[in-house]
Amino acid sequence: MSAALINDICAWILLALAITLAENESSSLATLWVVLSSITFVLICIYVVRPAILWMISSTPEGETISEYYICLILTGVMISGFITDAIGTHSVFGAFVFGLIIPNGPLGVTLIEKLEDFVSGLLLPIFFAMSGLKTDIGAINGATTWLVLILVIIIGFAGKVVGTLLASMLYEMPLLEGITLGFLMNSKGLVEMIVLKCWQGPEDDLQVLDDESFAMMVIVAVIMTAIIIPFVTAIYKPEKRFLPYTRRTIQRSKPDSEFRILACIHTPRNVPTIINLLEASHPDKRSPMCVYVVHLVELTGRASAMLIVHDTRKSGHPALNRTQAQSDHIINAFENYEQNATGVSVQPLTAISPYSTMHVDICSLAEDKRVALIILPFHKQQTVDGGMEATNPAFRMVNQNVLASAPCTVGILVDRGLNDREALSYAWRMSGHPAINLTVMRFIPGEDAKALENPGVLTVETENLKEKQLDEDYVNEFRIQTAHNSSVLYNEIVVNNGEETVTAIRSMDNHHDLFIVGRGQGMLSPLTAGLTDWSECPELGAIGDLLASSDFAATVSVLVLQQYVGLEPDGDELGTPDSPAQPAEPFSTVQMTNRPTRQPVFSA
């Protein structure tokens, strides 16, 4: 998008020069005067007008909207800029474009877009394109030779940009298909191209670089080249396949003596303390270091496209210009302090600015690009003073559900209350190495009266179920053997026959734990959770996770719900993507974690 902006700037400069040269063919001094005047206009906008606009922004109190008086001044400045450049001898659009270019991003840009976007996009742009269509005389293109020339122009123009972009992408070692895709996108035509064509056509008594035939040919070229881009790009560009597969997509498959990579997502500074406590409990050390990518998620407002900002934690920043930047600075400082005081931890802070509807795409792409094993998402509810749970922003829940449905690795939803089951056990096992943590593992086992349930929406293969049960048994046995002499680890098995007995067993747990870690199943039904999903308020947490996170649960303990990535078999073959967040979960165990000097954490599955 930055390259496209530079491309548009160059187009306006060339247009201004072309108009200047065409209008002053007989006078070189007049041409020089127009060029120098245009350069002076640009410099005045940058060094006089822009500081004045920055002063307007700084004089507005934090959190308040820009004054209507300032908005009127800026809109008046747009018209004056257009009048000046038209009087100079370039074009009025050039002045308006430069004026818009110098307005800084932030609250002023957001306010201008909110006030003008609907009017401009909904009324002025359709009228402009309608007028352009009315002035396009296709009948002016006469003769087979002319149509052949038109086809040749389309082919040469299209192929030239694709080949040129492909060569540049090969120079930077980009994948072949991505280079071709960018080449197709370079052929798209929009508002800028139509304005240039309209300026070159001009009225009969003014500048007229293009006659009716040439104008019609150029418009047809723009329409055809833009129309064929979408089907071509859709056919060749598969964003889900742009990364090479990596194997350590789960906590269970992460080697204990290798780097453990985590992507921690944060909406507000309130999410920071609990996530830092969770990272500290993950037991990073020099033998098994932990790399944390901290992403501040910000809703896109006032920008044409999403963006990802990579911050330098060691760089002292300037004073925050707005509330969002102040929050990012607060988050960065908190994690920088954690990195400095912890052993074996490296932190890379980022800010992702995108709409909530597509924010999960940025999260999943970043997770795959950084090869992380775990994504941590804050729960969309927070604890109130009276102990209840209230929703902070409904869009946060939509983001969590979308990430669960398309994540390339394990996902954990962290329910903050002040502070798949094998995957949950794996993470709890890692935490148990921390000297200040006690671990209690509670495994729910179906009794003789438990009845198997059918899953009507899923083709159940008995051999697969037996295979999963055997993997559970093997992993639990390995855990019990290796922690047999560890006094900080307690293992319990509880026999239950139905969902009611499971709820009773969970409610009977004491209130001396700091964290519950629960596995979230994908598409499997269990008699031990029968009936629980019918009343789930947040199905994306699974049956047990929803119970622990509900306001009805007596214990005010933070909850971490883990969904293991299932896209790879142990031999590396690809499987399907994770099921929908609405799928019920089958409990295997619950892990309860507790800080050893005070309280204790629990893992349950």
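Modeller: Happy to go through it piece by piece; just keep in mind that this is a predicted model.

Biologist: Let's zoom in on some helices. How do α8 and α9 cross?

Modeller: Helix α8 covers residues 191-201 and helix α9 covers residues 212-227; their axes come within 10 Å and cross at roughly 175°. Angles over 145 degrees count as roughly antiparallel, so α8 is roughly antiparallel to α9.

Biologist: Why give both an angle and a distance?

Modeller: Because that pair of values is how two packed helices are described: the angle between their axes and the distance between the axes.

Biologist: Which residues meet there?

Modeller: From α8 you have M194, L197, K198 and Q201, and they meet D212, F215, M218 and V219 of α9. Sorted by type, the residues of this contact are five nonpolar, one polar and two charged.

Biologist: New topic: helix α13. Is it enclosed or open?

Modeller: Largely enclosed by the rest of the structure, because eight of its 11 residues are buried. The helix runs over residues 359-369, and the buried ones are M359, H360, I363, C364, S365, L366, A367 and E368.

Biologist: What do those buried residues pack against?

Modeller: They pack against strands β1 (260-266), β2 (290-299), β3 (307-310), β4 (345-354) and β5 (374-378), plus helix α14 (394-406).

Biologist: What comes just after α13?

Modeller: Just after that helix, R371 takes a positive phi of about 60°.

Biologist: OK, cysteines. How many disulfides turn up?

Modeller: Zero, in a search of the whole structure. In case the word is new, a disulfide is a covalent bond between the sulfur atoms of two cysteines.

Biologist: Can we look at a few single residues? Where does T111 sit?

Modeller: T111 lies in helix α5, residues 107-134. T111 counts as buried because its relative accessibility is 11%, and the cut-off for buried is under 20%. Leaving aside neighbours within four places in sequence, T111 is in contact with I66 and I71.

Biologist: And F83, buried or exposed?

Modeller: Exposed, with a relative accessible area of 61%. F83 belongs to helix α3, residues 68-88. From F83 to V93 it's 10 residues in sequence and 9.2 Å in space, C-alpha to C-alpha.

Biologist: Last one: what does L182 touch?

Modeller: L182 touches T165 and M174, not counting residues up to four places away in sequence. You'll find L182 in helix α7, residues 176-186, and it is partly exposed, with a relative accessible area of 37%.

Biologist: How far apart are L182 and Y237?

Modeller: In sequence they are 55 residues apart, and in space the C-alpha to C-alpha distance is 9.9 Å.

Note on methods
Residues numbered from 1 in each chain as written. Predicted model: local features only at pLDDT ≥ 70, side-chain atom pairs only at ≥ 80, totals over all residues. Heavy atoms only, no water. Axes fitted to C-alpha atoms, helices over the stretch in contact; angles between N-to-C directions. Helix = DSSP H or I, 4+ residues; strand = E, 2+ residues; numbered from the N terminus. Parallel < 35°, antiparallel > 145°, perpendicular 65-115°, else oblique. Contact = heavy atoms within 4.5 Å. Nonpolar A, V, L, I, M, F, W, Y, C, P; charged D, E, K, R; others polar. Buried < 20%, exposed > 50% of the residue type's maximum accessible area, 1.4 Å probe, protein only. Disulfide = S-S within 2.5 Å.
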